Amino acid sequence: MDDLAAIVFLTAAATLRTATPLILCAMGGLFSEKSGIVDVGLEGKMLMAAFFGASAAALTGSAWWGVAAAIGAAEIMALLHGFACITYRGNQVVSGVALNILAAGLTVVLGNAWFHQGGQTPPLEQAGSRMLPIFFPHAGDNILVYAALASVPFTWWLIARTRFGLRLRAVGEMPLAVDAAGVSVSWLRYRAVLLCGFFAGLAGAYLSIAQNAGFSRDMTAGQGFIALAAIIFGKWQPFPAFGACLIFGLLDAVAIRLQGVRVPGVGEVPVQFIQALPYLLTMFLLAGFIGRAVAPKAIGVPYEKEH
Amino acid sequence: MKLARGPLPRWAEILLLPLINIALAFLVVGIIVRIIGVDPFHALDRLVLGAVGSPESIGYTLYYATNFIFTGLAVAVAFHGGLFNIGGEGQAYIGGLGCGLAILALDRYLPGWLMAPIAIAAAALFGAAWAAVPAWLQAWRGSHIVITTIMFNFVASALMVYLLVNVLIAPGSMTPQSRNFEPSGELPALPGSALNLSILLALACCVLMWLFLWHTRWGYALRAMGHNPEAAHYAGTDLKRMTLLGMCLSGALAGFVGVNELMGVHHRIVLDFPAGYGFAGIAVALMGRNHPVGVVLAALLFGALQQGGAELAFDEPRITREMVVVIQGLVILFSGALEHLPRPWLAVLLPRRG
């Protein structure tokens, strides 16, 4: 019985560990997408944040400076995205793709130039340069995990219960109406994009200075896209998106445990299949086979103010 | 800030604006190189020498350009239909799988002149099939092609790892790769470089795409759909079938990366051979303004950057090959998302028409 309890506890902890960056990223992405700005650049923001977070933590020896640098880096990426998509009304998907590719290259180029370790940052060995578990040493429950858990009700409250949230939703559905009411569409969308950068920054910091002890190239490994999938899977709602993140996190935790195990009646389940499941499930959902996911109406459409 | 959006003279739209955008991208690259502590002009010097300084390096430049032509055309043909295919990476991967499977099945029985067309057709077929699913999902089930093609990249990658680790791995091999192809499954290559006959296939694809887009009924319908789907629908175009057609062509073109990489160079199925070419195709298409001639020019530039960048990284340890990825990202940013950036200033500087 104790064994079972231990397995349940360890699996739950592992799920939360892998779900944390997804949750933070998904909450960030929700703000952006709710305001009508598509964000396929979550991956790049998170990667940039992970790199600058680990660099700052390595140089200053302080995890908190790491978090600050991570948020700063993600915010610069967010502002670039906003500048291209809001001010210059560029194609939002193109901008997101550009930022992803830029981040994939720039982190390695700068990392190699600064630390000479093939794109990695120095391992964070100093005391205080990493976020450590608070209550359970083996569960990895550092402060960013709790921040991720808190981000969900916060996002829900901000979007569903505040004037800002009401306007944010309106600007994603019908920007013309918001504009006609005398509220600036651009400023609202910029704030949404900045909120997105903040959370993506936390997610990146989690990867490089909490879950791992340093940055390694391409360490986001598609998690930004899984977060995007979770947003869609959660039908652009905070709590359902949170649920999707937990499911995807659980899949990941189970994939590691199932490696080489024969499941009765099925045989050995390939790890790669479980890894691809979040994407496959999201596509089934998008195809209308499991309910229906309806995006904000004005998503992806630059707003052109009439003169 | 007020943005003037008046039309610029035609030559400025076609030539000046794209050139300024690319110049801006390279200006930022220069600044980054400077920050790293390398003299940008010295770096440029080494890069050009590395790209075209010897027959071998020219061969490599053209070999890289071949991949960029394939993925650039793939993105461009979809763009013409108003479709944004971000799945070139996965389509190239699966196209390579098709190419490799055909060779592994038949290379012991067929001569090279018969093997090559079959393998090329298989690459096109598999690449097209991998693009057809997102196309079908968009046209018939209403899910957005951008999201589904992204997801399909990851699914393709997981599938290939599974197949190479568990199914296709050569007996006794420690690395996940298939057995070597027999000579009939190899394309003739220039000695001393990776340049192989695939480049002729790439150039043929350019001509065929030009003919298709501007001289056939279907090409016209595809472009009409890209310009104005409602009008195209009203004119009797079946938008669903056009979506499927555009994406299948796009996927087939991306699949040819597998021909260049596997038949031309590796001579077996390996992991991760698309190596970012699918994404780079977006930069190539944007820079080449979605025209085959532009795509070839942009592909040559990116091929030279890839080869020259490798040589530069060898000479100059502070710069890594990923510099090329940075350049690709910046080109997409400046010629894609920020393409209107110089417009207000140009509108002020240039005399208006009419």
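This is a predicted model: local features need pLDDT of at least 70, side-chain atom pairs count only at pLDDT 80 or more; totals for chains, interfaces and linings use all residues.
## Basis

Local features need pLDDT of at least 70 and side-chain atom pairs count only at pLDDT 80 or more, while totals for chains, interfaces and linings use all residues. Residues are numbered from 1 along each chain as its sequence is written, and chains are lettered from A in the order in which they are written.

## Contact between chains A and B

The contact (C-beta atoms, placed from the backbone, within 7 Å) takes 36 residues from chain A and 38 residues from chain B. Helices here are DSSP runs of H or I with at least four residues, numbered from the N terminus. On the side of chain B that touches chain A, α6(B) gives the largest share, 11 residues.

That side of chain B has 26 nonpolar, 8 polar and 4 charged residues. Ala, Val, Leu, Ile, Met, Phe, Trp, Tyr, Cys and Pro count as nonpolar, Asp, Glu, Lys and Arg as charged, and the others, Gly among them, as polar.

## Helices α10 and α11 of chain A

Helix α10 (residues 238-258) and helix α11 (residues 271-286) of chain A pack at about 175 degrees, with axes 9 Å apart. Axes are lines fitted to C-alpha atoms over the stretch in contact, and angles run from 0 to 180 degrees between N-to-C directions. α10(A) and α11(A) are therefore roughly antiparallel (over 145 degrees).

Residues of this contact include A:Phe248 of α10(A) and A:Ile274 of α11(A). By class, the contact has 9 nonpolar, 1 polar and no charged residues.

## Helices α2 and α12 of chain B

In chain B, the axes of helix α2 (residues 40-52) and helix α12 (residues 292-315) come within 7 Å and cross at roughly 120 degrees.

Notes. Two residues are in contact if their C-beta atoms, placed from the backbone, lie within 7 Å. Helices (H or I, at least four residues) and strands (E, at least two) are DSSP runs, numbered from the N terminus. Angles under 35 degrees count as roughly parallel, over 145 as roughly antiparallel, 65 to 115 as roughly perpendicular and the rest as oblique.
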